[in-house]
Amino acid sequence: MIYRCGACKNEIVDFSLLCPWCGAWMTLVEARSSGGGGTLPLPLPDVPPSSVPRVGTRIGAVDGLLGGGFVTGSSVLLTGPPGAGKSTLLLQLLNSSAQAALYVSGEESVQQLKLRADRLRIQSRAISVLFETNVNIVVSHVQRAAPALLVIDSIQTVYTDLSDSLPGTPAQIRKCTYLLRRLAQEKGMILIIVGQVTKGLQAAGPKTLEHAVDCVLSIGNDDDNPAVRNLSVVKNRFGPAGSILSLAMTGDGFALQKERTP
């Protein structure tokens with residue numbers, strides 16, 4: 001497929017959030033089927049500077065960990081073992097960001113999410129919750145509601161009618177991730193995918209899942225303190241990777257401690 005930039009009118013073969021010619025953000029649209037060819041090489045000094053639009057969580061330490069906040073149109077994978085606090089952390093981040101958000105759960109009912117939100121004292125009307133495992137239905141809700149952030153909890157529980165495989169299989173995970181990423185890119189929406197981990201604390205599913213997203217976050221238990229979780233940036237296309245943020249679990253959710261680098 002050929003994509004044309006709405007700003008400079010140049011064309012490229014592969015979809016991108018940024019136009020490689022003029023640096024404009026989210027201006028590429030489908031033009032026609034690809035018949036070969038592509039962009040021409042551009043001398044490095046001639047590449048125009050571009051600013052990456054971000055949505056901050058308004059939690060300084062978390063925004064710093066991400067390189068300034070979440071990038072609009074990007075996809076984020078959050079992994080961690082059961083009980084690490086993935087859902088709790090996400091609800092806190094959505095509440096703090098004050099952006100319109102849709103939290104889609106395929107594991108917990110909306111009543112269970114409400115109980116968790118009550119414990120965290122979160123009553124924001126900007127956060128909508130939905131129990132749904134069909135990605136095609138999720139897409140229709142996003143088209144109507146146009147949230148700034150979309151959470152899928154978890155990618156192993158959802159499926160699309162475009163694949164005959166069972167939920168959680170590599171084929172379903174790849175297809176669902178592709179559909180959701182394209183939706184986020186087209187809408188300029190932040191996609192946060194929750195992923196389960198294996199016994200070796202690796203993301204369950206195909207390795208291509210980690211390669212497909214723009215940022216990979218991992219939350220896990222602290223070896224020295226069972227009440228502390230460590231949030232680390234494993235991969236970040238739009239910022240630094242390798243930093244670790246220590247989070248203390250309290251009755252009201254996570255309390256931030258300190259940021260450190262390995």
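Is helix α2 mostly covered or mostly uncovered? In this predicted model, α2 is mostly covered, for eleven of its twelve residues are buried. The explanation below begins with this helix and then moves to other parts of the chain.

The chain as a whole has six helices and 14 strands. Of its 262 residues, 47% count as buried. Contacts in the chain between residues at least 6 apart in sequence may also be considered, and 59% of these join residues at least 24 apart.

Helix α2 comprises residues 86-97. Its buried residues include the leucines Leu89, Leu90, Leu91, Leu93 and Leu94. Lys86, Ser87, Thr88, Gln92, Ser96 and Ser97 are also among the buried residues of α2. The length of the helix can be checked by simple reasoning. At 1.5 Å a residue, its twelve residues should span 16 Å, and the end C-alpha atoms are 17 Å apart, which agrees. Just after α2, Ala98 takes a positive phi of about 60°.

The next part of the picture is a pair of helices. Helix α4 covers residues 135-145 and helix α5 covers residues 170-187. The two pack at an angle of about 10°, and their axes are 11 Å apart. Because angles under 35 degrees count as roughly parallel, α4 and α5 are roughly parallel to each other. On the side of α4, the contact is made by Val135, Val139, Val142 and Gln143. On the side of α5, Cys176, Leu179, Leu180, Leu183 and Lys187 take part. These contact residues divide into seven nonpolar, one polar and one charged.

Residues up to four places away in sequence are not counted here; beyond them, Arg182 touches Tyr3, Phe15 and Glu30.

The loop between α4 and β9 contains Pro147. Pro147 is buried too, with a relative accessible area of 8%. Leaving aside neighbours within four places in sequence, Pro147 is in contact with Ala100, Ala101, Leu102, Val142 and Met189. One of these partners, Val142, belongs to α4 and takes part in the contact of that helix with α5. The C-alpha atom of Pro147 is separated by 9.2 Å from that of Ser128, and the two residues are 19 residues apart along the chain.

The last part of the tour concerns strands. Strand β11 covers residues 215-221, and it pairs with β12 in the antiparallel sense over seven bridges. A hairpin joins β11 to β12 through six residues. Strand β12 also pairs with strand β13, residues 244-250, in the antiparallel sense, here over five bridges. Which residues are the bridge partners of Arg229? In β12, Arg229 is the bridge partner of Asn221, and in β13 the bridge partner of Arg229 is Leu247.

How values were computed: Residues are numbered from 1 along each chain as its sequence is written. This is a predicted model: local features need pLDDT of at least 70, side-chain atom pairs count only at pLDDT 80 or more; totals for chains, interfaces and linings use all residues. Side-chain values use heavy atoms; hydrogens and water are left out. Two strands pair if DSSP finds at least two bridges between them. Helices (H or I, at least four residues) and strands (E, at least two) are DSSP runs, numbered from the N terminus. Axes are lines fitted to C-alpha atoms, for helices over the stretch in contact, and angles run from 0 to 180 degrees between N-to-C directions. Angles under 35 degrees count as roughly parallel, over 145 as roughly antiparallel, 65 to 115 as roughly perpendicular and the rest as oblique. Contact means heavy atoms within 4.5 Å. Ala, Val, Leu, Ile, Met, Phe, Trp, Tyr, Cys and Pro count as nonpolar, Asp, Glu, Lys and Arg as charged, and the others, Gly among them, as polar. The expected span of a helix is 1.5 Å times one less than its number of residues. Buried means under 20% relative accessible area, exposed over 50%, partly exposed in between (1.4 Å probe, protein chains only).
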